Amino acid sequence: MLFTFAGFSQLKTENKLLVGRLELSEKQYESAIQKFNYVIENYPPNYEPYYYRGIAKIELGDVTGAEMDFTEAIKLRPLKTDLYIIRGSARERLKNYDGAFEDFNKALELNPINPDIYLNRALVYSYLNQYDKAIDDCNKAIHYGSRKELTYIIRGMSKLGNKQYREAIADFDLILENNKFNASSYVRKATAHYYLGNYDTAQTNIQIALQIEPENTYAYFQQAMIFIKLEQNDEALKSLSKVISISPESATAYYNRAILYAEKNDYKNALKDYDKVIFLSPSNILAYYNRAAIFNQLKKYKESLADVEQAITLYPDFVDGYKLRSNIYRQLGNISKAETDLETAQLINRTKSNATDSLKEVEEEFLARLTSFSDNTNENVTKYSDQTISLSSPYYISLLAQNKNKQVIDSWNESYKSYTPYFVLKMEDEEVLDIPLKEKKLRFINDKITKNPNNAELYIQRGVIYASLKQHEKAILDFNKSLFIDKNYYLAYFARANLFHQMLNESENTHINIDMIIKDYDKAIALNPDFKYAAFNRGILYFQLSKYINAIEDFSVAIELDNSFSEAYLNRGLILLILNNHEQACKDLSRAGELGLGSVYLLINRYCN
């Protein structure tokens, strides 16, 4: 059977897609992405590789990148319902709720009897506390045939939010009829019984949940709330401590435990827990207020004043904050300020009593954010303190390396009209080559220099060998000699900058001047604006000098020169995180992952979702 070229090309495309989908089903997500990349880059536009690549990114936690891929897929197949559903779900995870509703509504225009669309929209309504709409969508999903457990979970939780506790219990029972080992449903039933005041029944459900899932933090937390209602505070403390032992970044557990410690007059432990809450949820005004109250109780007025002022800064209409600060000022003898704060509190109360319902709703939403618990680490404190967030290392040139991941450049020397092949390695990677081979190459270059003492290229080659042998002074002399002979050869500046850059990274060479290295990279870039590695390396030095905009500009240049330069996307993304430009940062990190940097997905999961 004969294939035309077009037919063969189509077959190859289908094979790449097929292999990618197979790898996707086998959870080989990074490899699958590379297959879909190939189809996208080499064949006519087709929605499928974007769609499947988006799914792979979702599995790797790269929701930002997935949303972009689904958008491209929709451009190519604007009438395919499933694309709107999956993009809507991605947008919901990115907290782009307007975009999610837009997608689900569009999907319903295309297919108004699809139960999954109603279910996904119900999830967003529930998250936004629009419980009536969530319940209505769940009912529609069930009407159109949904029997998914999630439908009943969302409807039950929405009824819980609507204080329809008995109706919520009925939904959780429906789930348990089909899955009696669903620990979370027992906990949800316990929560409903808790609000109904059925504490014994609630405890029974908690015990069943813990038998099924002994490490269920939700169960231990709800158990603690029940113990508090029963005034068994010591037992509640044990349950909250269990939550913290399993989930040490649960700000909610620390907050409630701090309240219990304070009630026992154990202010030392209460303060420790409030410290942790503020670390994890730095905008929570209640944590500042409660800690201020304890400091006031201990007559530590300076600390108390600092906390209550932070609470007022976060929420300028915080009536209780002004009252507490008034009390502190009074104890410090500053009667004037104490009276001013009391008057401010009274003024705010009068203003709020006259506010419209819409203004009250806006304020309630704002206050909800300020009293929420993020239950994750304060990014501003920890984001750049661990090794997982460090920039990808700079590059240097080598002459003989046998490293697996080396790259090759052919350097054109204008003076001699010749190419010299060099390897490019990352500075974090030592050359893989025996010293005897280097020494043999050194003897060979020495012989050539004897015959051609004015050949600038030969001095670069020998300098590179000396640098690899850690003979720094000899290497510097050779690079200087090369530049003395030919001051317009970019690679000599780059090689010399490499050496100083490597020396800078060694603790014993802290005297190395960064500006001096940057000047060499400047010259290399001026002489060869298309040499991406010089711009990349200079960007890293600018980062070390905290010149973040300069660094971003250099990494952007490197990307313009090579739009598949994954490390440049990674480094630019990390700096954008520092500058709190999360949207663009996550796009860069997504692109780095798409280009094969698998390690980037840890960062995406931590900072982009």
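Reader: How much space lies in the largest cavity?

Author: About 30 Å³. Bear in mind that this is a predicted model.

Reader: How many cavities of 30 Å³ or more does the count come to?

Author: One.

Reader: Which residues line the largest cavity?

Author: The lining consists of Val39, Ile40, Tyr43, Pro44, Pro45, Asn46, Pro49 and Tyr50. Two elements give two or more residues to it: α2 (29–42) and α3 (47–59).

Reader: How does that lining divide into nonpolar, polar and charged?

Author: Seven residues are nonpolar and one is polar. None is charged.

Reader: Switching to the whole chain. How many helices and strands?

Author: The protein chain has 32 helices and three strands.

Reader: And what percentage of the residues is buried?

Author: Buried residues are 50% of the 609 in the protein chain.

Reader: Contacts next. Of those between residues at least 6 apart in sequence, what share joins residues at least 24 apart?

Author: That share is 55% in the protein chain.

Reader: Now the core. How many residues are in the largest nonpolar one, and which have the most contacts inside it?

Author: The largest nonpolar core has 116 residues. Leu491, Phe494 and Leu589 have the most contacts inside it.

Reader: Which helix gives the largest share of this core?

Author: Helix α26, residues 490–504. Eleven residues of the core come from α26.

Reader: Take Phe494. What is it in contact with, leaving aside neighbours within four places in sequence?

Author: Phe494 contacts Tyr395, Ile397, Tyr521, Ala524, Phe531, Tyr533, Ala534 and Asn537.

Reader: What other core lies apart from the largest one?

Author: There is another core of 44 residues. Its members include Ala224, Ala258, Ile278 and Phe295.

Reader: New topic: Leu442. Which helix is it in?

Author: Leu442 sits in helix α23, which spans residues 435–451.

Reader: Does Leu442 count as buried or exposed, and why?

Author: Buried, because its relative accessibility is 11%. The cut-off for buried is under 20%.

Reader: What does Leu442 touch, not counting residues up to four places away in sequence?

Author: Leu442 touches Arg462, Ile465, Tyr466 and Leu469.

Reader: What separates the C-alpha atoms of Leu442 and Tyr466?

Author: They are separated by 8.3 Å. Along the chain, Leu442 and Tyr466 are 24 residues apart.

Conventions: Residues are numbered from 1 along each chain as its sequence is written. This is a predicted model: local features need pLDDT of at least 70, side-chain atom pairs count only at pLDDT 80 or more; totals for chains, interfaces and linings use all residues. Side-chain values use heavy atoms; hydrogens and water are left out. Helices (H or I, at least four residues) and strands (E, at least two) are DSSP runs, numbered from the N terminus. Buried means under 20% relative accessible area, exposed over 50%, partly exposed in between (1.4 Å probe, protein chains only). Contact means heavy atoms within 4.5 Å. A nonpolar core is a set of buried Ala, Val, Leu, Ile, Met, Phe, Trp, Tyr and Cys residues joined through side-chain atoms within 4.5 Å. On a 1 Å grid over the protein atoms alone, a cavity is a set of points where a 1.4 Å probe fits but cannot get out, and a pocket is an open set with protein on both sides within 12 Å along at least five of seven lines; lining residues have an atom within 4 Å of a point. Grid points are joined across faces, edges and corners, and a volume is the space filled by probe spheres set on the points. Ala, Val, Leu, Ile, Met, Phe, Trp, Tyr, Cys and Pro count as nonpolar, Asp, Glu, Lys and Arg as charged, and the others, Gly among them, as polar.
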